[in-house]
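Visitor: Can you walk me through this one? I'll ask as I go.

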Amino acid sequence: LQIDKVFPIDFRRKIHYSMSISSKTLDHVKAANLLFDNKLYRDSVSRAYYAVFTAAWDYVGDSSTGGWNNRSIRKAFSTRMHADGIERAQSKQMNNYFGYLLEGRHTADYSRTVFLPDEAKDFLTTAREFIEFVERRIS
């Protein structure tokens, strides 16, 4: 598998030059790609989740309580999509993506499950779609 089929070169370039996606999100995307390229699929899945987490943070802004956790960022993300008038179906899809990636991270970090290349690719593709959604909203 070629990672460019997951995070295509033009997508990498698009994110790299974006002024609205944070450098922290970009670092997580880069790490997820490097880990995948080096067949470290479990770690790639985990890093893809953090790319999504920080993209959501880019979308909702800083927390008034000093930081985000998994539950609070997902709630703030949903609230912000509702406030921005995002269609219910798309909002639900993005929330499902967020949950899917969190579940993948938990599996990657806290179990001995082995991720196959196609499974890791699916997580990276989902992360890419989530980040593209966020980028379209904050550009």
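Visitor: How many residues has helix α2, and what does it reach from its first C-alpha to its last?
Guide: Helix α2 covers residues 23-37, which is 15 residues, and reaches 21 Å, close to the 21 Å expected at 1.5 Å a residue. The expected span is 1.5 Å times one less than the number of residues. This is a predicted model: local features need pLDDT of at least 70, side-chain atom pairs count only at pLDDT 80 or more, and totals for chains, interfaces and linings use all residues. Residues are numbered from 1 along each chain as its sequence is written, and side-chain values use heavy atoms, with hydrogens and water left out.

Visitor: Which residues of α2 are buried?
Guide: Thr25, Leu26, His28, Val29, Ala32, Asn33 and Phe36. Buried means under 20% relative accessible area, exposed over 50%, and partly exposed in between, with a 1.4 Å probe and protein chains only.

Visitor: Where do those sit around the axis?
Guide: They cover an arc of only 160°, which puts them on the same side of α2. The arc is taken from the directions from the helix axis to the C-beta atoms.

Visitor: And which are exposed on the other side of α2?
Guide: Ser23 and Lys30.

Visitor: Different topic. How many helices and strands are in the protein chain?
Guide: Six helices and zero strands. Helices (H or I, at least four residues) and strands (E, at least two) are DSSP runs, numbered from the N terminus.

Visitor: What share of the protein chain is buried?
Guide: Buried residues are 41% of its 139 residues.
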